[in-house]
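Hi,

Here is the structure I promised to pass on to you. Have a look at it first, and then read on for what turned up in it.

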Amino acid sequence: MSHAAIFCLCWPALLLWVSACSVSLLAPHPSLAPQVRTSYNFGRTFLGLDKCNACIETSVCKKFFKEGIRFENWLASHFELPGLLASYPKNYSDDFKTWRPVEILRLISKHQNKISDGRICASTTAPKTCSFKHVLRKTRRFQKWLQAECLTPDLVLPSPLLHSSLRLPDCVVRCYAEVADAGSISMDHFTDCNKLHMLYTLAVNAHPILLIFLGTERWLLPKYLGSCSRFLVITSSISLQKSCGEPHDQAADLAYWLLVLESLRSNYLNYFLYFTHIDATMFGIFNNGHLFIRDASALGVIDNQEGSQAPTIEDENKDIFSCLIGGCQAELPCCDTIPEKQSLVLLCQQVLPQLLQGTFLSPVQEQMDALLVQCREGTHPDSKIFGAASQLKDILRLLRTCDPRFTYHYRDCKYNDNF
């Protein structure tokens, strides 16, 4: 879009703005080669850099400040950005010549951040002069982190991610450090800030760590591009919630892949993946039509290889890190209490009906409705639920079409007589 087009679209606002500001403050369109300004200020407060002792990491902050990540049509610099959104569409470039759409997501909502920030300050004897760095670093748990050479479950519990496994901390350390082939869980190479950021992320929302961990295994997740303070950057997508009411062939394809995603509970890594809760906003669609898990924050991981162990949480670990999101007395469910059918039941209750009900002709629609009723009843035995899901998946497989709209599989299905 040219500057002239931007001027026409924003004429009322610009009429007032030009009188006070230089036209040079207009955010350039990504298609134009920008002149990088070292004085560019995206907004430390918006990103949460003023509170970055309680944040994820700062790996892509320079991208924001050098305009390698920018809004396409919004005014830049000091202008107030809409602060309550959970995600923002942006453009990302490594060379300022080619751009790709991305999303920046809040690790938790702005309201949740406000609550957790208040809890951090309330835990100190001088809340009016609260220093996040001072409060979090003086906790007994973080002092144990400083002294620890390896990450063990007792250092991070309570966390729905670990479930008292010794293999999972190894993955967490390797993923957080972005070292795929590290053979141990040694944290010798971590700075004090690295350890504090990782502890905060595990305590608040392990979504970024899961994106790296599962993304390296080429599972259906968006690409994690990095984080800056309390925001993470991932590849762009369309929420599944916006795709409800699509044509029957697209609905069948999306529902089929939802059932494929659920089957990832069994995998060669011998981890049992399950959803703690589900809704349509947690799934996304790439521009090639492929469905994936957009939000991994509701994923839990149990290590089947080491067996199910009940998490044991010492009282000394029930500190401010235990209270940032949930109640301080919240207890983790025992691994043995999480049924294998849990994710499938949630899918059949919360997401699949939105895609499938009232979409197909009789008698196919009646068959699907009956199978959904069986699948969503959590009191049924596992065999009945998995059987209903398997039948539903077989029906959906026949309803998928080999169409150029589904570019992710079109080349394969075009020459496959068995599709």
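P363 sits in the loop that runs between α14 (352-356) and α15 (364-375). Please keep in mind that this is a predicted model. The peptide bond joining S362 and P363 is cis, with an omega of about 5°. That is worth a look, since most peptide bonds are trans, and most residues other than glycine have a negative phi.

Which residues have a positive phi although they are not glycines? E67 is one of them, with a phi of about 65°, and S229 is another, with a phi of about 60°. E67 belongs to the loop between α4 (61-65) and β1 (69-70), while S229 is in the loop between β4 (224-228) and β5 (231-235). Are they buried or exposed? E67 has a relative accessible area of 3%, so it counts as buried. S229 has a relative accessible area of 0%, so it is buried as well.

Next, the nonpolar cores. The largest one has 90 residues, and the members that touch the most others are W145, F283, L352 and L356. Which helix gives the most to this core? It is α12 (residues 248-262), with nine residues.

Finally, a pair of helices. Two packed helices are described by the angle between their axes and the distance between the axes. For α7 (residues 140-147) and α10 (residues 192-204), the axes come within 10 Å and cross at roughly 130°. This angle is why α7 is called oblique to α10. The crossing of the two helices, α7 and α10, is right-handed. Which residues meet there? From α7 they are R141, F142, W145 and L146, and from α10 they are D192, K195, L196, M198, L199 and L202. Sorted by class, the contact of α7 with α10 has seven nonpolar residues, three charged ones and no polar ones.

Enjoy exploring, and write back with any questions!

Best wishes

Key
Residues numbered from 1 in each chain as written. Predicted model: local features only at pLDDT ≥ 70, side-chain atom pairs only at ≥ 80, totals over all residues. Heavy atoms only, no water. Axes fitted to C-alpha atoms, helices over the stretch in contact; angles between N-to-C directions. Helix = DSSP H or I, 4+ residues; strand = E, 2+ residues; numbered from the N terminus. Parallel < 35°, antiparallel > 145°, perpendicular 65-115°, else oblique. Left-handed = near helix turned anticlockwise from the far one by under 90°. Contact = heavy atoms within 4.5 Å. Nonpolar A, V, L, I, M, F, W, Y, C, P; charged D, E, K, R; others polar. Core = buried A, V, L, I, M, F, W, Y, C linked by side-chain atoms within 4.5 Å. Buried < 20%, exposed > 50% of the residue type's maximum accessible area, 1.4 Å probe, protein only.
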